[in-house]
Number of protein chains: 2
Amino acid sequence: MNLAFCRTVQQQKKGCCKLLTLNKYSVQQWLKSFDAIIYDADGVLWRTDKELEGASATFNALRAMGKRAYICTNNSTKSHLGICKKAQDMGILIEEHEVLTSAQALARFLAEKKFKKKVYIMGEEGIGAELRAVGIEHLPIGKEVMFGPDMYEYAKAMPLDKDVGAIAVGEDRDFSVPKLTKVACYLTDPSVMFLATNRDIAFPVAKGRYVPGAGVLVATVKAITKRAPMTCGKPNPYMCNQLLREGNIKPERTLMVGDTVYTDIQFGYNCGFQTLLVGSGVSTLDDVKKLQSSKQPRAYQQVPDLYVPKLSDLLKFLPSRNG
Amino acid sequence: MNLAFCRTVQQQKKGCCKLLTLNKYSVQQWLKSFDAIIYDADGVLWRTDKELEGASATFNALRAMGKRAYICTNNSTKSHLGICKKAQDMGILIEEHEVLTSAQALARFLAEKKFKKKVYIMGEEGIGAELRAVGIEHLPIGKEVMFGPDMYEYAKAMPLDKDVGAIAVGEDRDFSVPKLTKVACYLTDPSVMFLATNRDIAFPVAKGRYVPGAGVLVATVKAITKRAPMTCGKPNPYMCNQLLREGNIKPERTLMVGDTVYTDIQFGYNCGFQTLLVGSGVSTLDDVKKLQSSKQPRAYQQVPDLYVPKLSDLLKFLPSRNG
């Protein structure tokens with residue numbers, strides 16, 4: 001089955017061809033149809049600090065076949081250097097310039113705008129590190145302690161820095177009402193920019209257990225300010241426009257591998273990439289079925305071209321090193 | 001100008017008649033058209049712990065004219081006994097059974113449902129006190145401390161009480177990501193009820209300074225769970241259905257005085273009361289103008305019948321004690 005045929009089949013089926021139902025020859029023909037792969041990290045390569053079974057072996061085997069590789073993550077808790085080190089520690093063959101993060105995209109966005117003011121961060125150290133790397137100043141990151149027992153007195157007296165020109169919201173374990181209050185007050189000035197690293201809602205950790213993502217914190221800020229952020233991470237194609245601009249990837253010969261339909265697969269669609277959903281993270285085949293039967297005209301943009309339960313399922317289709 | 005005339009004028013003007021533009025006789029005729037007044041508290045009678053100028057004098061003067069009086073507040077940080085004491089300390093002549101709060105309504109709702117399980121509270125002591133008063137058990141209120149540095153490990157290991165059957169969300173100074181994580185996990189069980197005391201978004205404390213209300217916390221829970229709460233406080237007419245049921249008030253002879261169009265005035269509309277907006281709190285005349293020119297069919301429900309800058313502006317229209 002060549003790519004053209006594969007796409008025809010997908011269109012008939014409204015996408016989401018199950019890769020494991022194809023024969024080896026078809027998969028190998030499909031593999032020939034791209035020369036760069038962009039991987040999401042959490043849910044594809046690892047879950048928190050644990051490598052997903054066979055992920056690094058598969059990543060490296062595809063690389064050994066000559067596929068260029070990039071990691072593109074919405075995780076903003078670490079810098080791209082920190083994400084790169086984490087990947088390398090798991091045995092993934094990757095270099096710093098091949099790791100893209102949403103915090104890095106946010107910092108690049110401000111740098112390209114020649115932003116000269118300060119950033120207030122409702123987020124973690126990853127955002128701070130990327131801002132400093134492009135020479136942008138930010139206020140201290142971490143807990144905001146409320147002084148006194150009264151929110152009203154606190155809000156009246158809390159210091160607000162007149163040089164703050166942008167709010168950056170990302171995942172934040174130290175999210176609190178005093179922090180939210182500051183952000184809401186800064187954003188009453190319409191000239192203060194409202195930026196989000198990403199809008200991921202929640203990440204599953206076990207049956208019936210989730211942790212909230214940056215999207216939940218963005219929802220609080222939207223509720224109180226009635227403002228919507230510029231989201232710098234996936235699904236905004238801005239995440240990889242440097243790769244495209246510099247000619248490192250060609251959209252029609254690039255594959256996006258992700259675990260979340262509304263970020264990774266939508267991102268792939270927005271960029272014109274082929275898309276592969278892995279079932280080892282946020283989105284399930286059931287989610288895809290709902291999208292396929294949805295009458296919302298944009299739902300099909302989140303239907304992946306192909307589906308595989310986990311990344312390492314690709315291994316058996318790859319030529320052996322000695323082969 | 002009698003009430004019928006006043007209403008005709010209001011309809012022509014789409015409501016929001018400015019009371020201070022009427023002559024004394026018209027206002028006194030209008031005063032005769034009701035025998036009970038329901039006051040919102042924050043923004044009408046006081047702001048945080050400070051009485052608004054002349055509020056208690058006006059409240060008491062209207063009471064002395066024979067108007068029955070109730071305080072009906074969405075504030076869930078204190079019990080209704082606590083709110084009553086606060087009002088009394090300011091010199092407001094009111095008794096415990098004349099104070100209604102959203103936390104009390106939430107507790108009554110569960111008691112009427114013969115709820116036998118436990119409540120997890122993302123809110124403050126007011127909710128706990130009202131639940132205990134109707135014999136409903138709740139988990140401890142306050143900070144949730146995350147153990148360990150990793151949200152994922154925390155979420156996996158955090159204790160969840162199998163007896164929790166409802167989540168109550170209200171204003172909460174100790175709102176945090178660990179708390180939100182617990183609430184999100186409890187609510188994955190569709191049999192666990194999701195209740196909110198109220199949906200107030202923000203309260204102004206000074207120019208450009210706000211504190212977030214319960215509605216902002218509800219927005220986070222909605223974002224992560226995709227569930228909408230039953231809101232027990234204003235604008236839900238449930239807040240005063242005991243008063244109505246027991247015949248204490250007649251809708252057509254009751255006035256609702258509030259400072260927030262989307263809670264107080266909508267509540268008045270929902271209950272069939274007359275409505276008076278005071279300009280000393282959340283909503284402004286500009287907000288009303290926006291509602292008047294809105295094409296949303298429900299916007300007019302939030303347009304008050306009358307407007308006055310502050311409660312004590314009524315004083316000059318009232319008969320003097322000696323008069």
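Helices (H or I, at least four residues) and strands (E, at least two) are runs assigned by DSSP and numbered from the N terminus. The model described here is predicted, so local features need pLDDT of at least 70 and side-chain atom pairs count only at pLDDT 80 or more, while totals for chains, interfaces and linings use all residues. Residues are numbered from 1 along each chain as its sequence is written, chains are lettered from A and ligands numbered from 1 in the order in which they are written, and side-chain values use heavy atoms, with hydrogens and water left out.

Chain A contains 12 helices and 16 strands. With a radius of gyration of 21 Å, close to the 20 Å that the globule rule gives for 323 residues, chain A is as compact as a globular protein of that length. Here the radius of gyration is taken over C-alpha atoms, and the globule rule is 2.2 Å times the number of residues to the power 0.38. Along the principal axes, the C-alpha atoms of chain A fill a box of roughly 70 × 40 × 35 Å.

Next comes the relation between the chains. Two copies of a chain are related by a rotation about an axis and a shift along it. In this model, chain B is superposed on chain A by a rotation of 180° with 0.0 Å of shift along its axis, and the RMSD is 0.0 Å. This is the relation of a two-fold axis. The same surface serves both copies, as 100% of the contact residues of chain B recur in chain A (contact means heavy atoms within 4.5 Å). Superposition is by least squares on the C-alpha atoms of residues with pLDDT of at least 70 in both copies.

How do the helices α9(A) and α9(B) pack? Their angle is about 140°, and their axes lie 8 Å apart. Axes are lines fitted to C-alpha atoms, for helices over the stretch in contact, and angles run from 0 to 180 degrees between N-to-C directions. That angle makes α9(A) oblique to α9(B); angles under 35 degrees count as roughly parallel, over 145 as roughly antiparallel, 65 to 115 as roughly perpendicular and the rest as oblique. From α9(A), the contact draws on A:Val216, A:Ala219, A:Thr220, A:Ala223 and A:Ile224, and from α9(B) on B:Val216, B:Ala219, B:Thr220, B:Ala223 and B:Ile224. By class, these residues divide into 8 nonpolar, 2 polar and no charged. In this scheme Ala, Val, Leu, Ile, Met, Phe, Trp, Tyr, Cys and Pro count as nonpolar, Asp, Glu, Lys and Arg as charged, and the others, Gly among them, as polar.

Within chain A, helix α9 (residues 214–225) also packs with helix α8 (residues 177–186), at an angle of about 50° and with axes 10 Å apart. The two helices α8(A) and α9(A) are therefore oblique to each other. On the α8(A) side, A:Leu180, A:Val183 and A:Ala184 meet A:Thr220, A:Val221, A:Ile224 and A:Thr225 of α9(A). This contact has 5 nonpolar, 2 polar and no charged residues. In chain B, helices α8 (residues 177–186) and α9 (residues 214–225) pack at about 50°, with their axes 10 Å apart.

Finally, the backbone has some features worth a look. Most residues other than glycine have a negative phi, and most peptide bonds are trans. Where is a cis peptide bond found in chain A? One joins A:Lys234 and A:Pro235, with omega about 10°. A:Pro235 sits in the loop between β13 (230–231) and α10 (241–245) of chain A. In chain B, a cis peptide bond joins B:Lys234 and B:Pro235, again with omega about 10°. A:Thr48 is a residue other than glycine with a positive phi, near 45°, and A:Thr48 lies in the loop between β3 (46–47) and β4 (50–51) of chain A.
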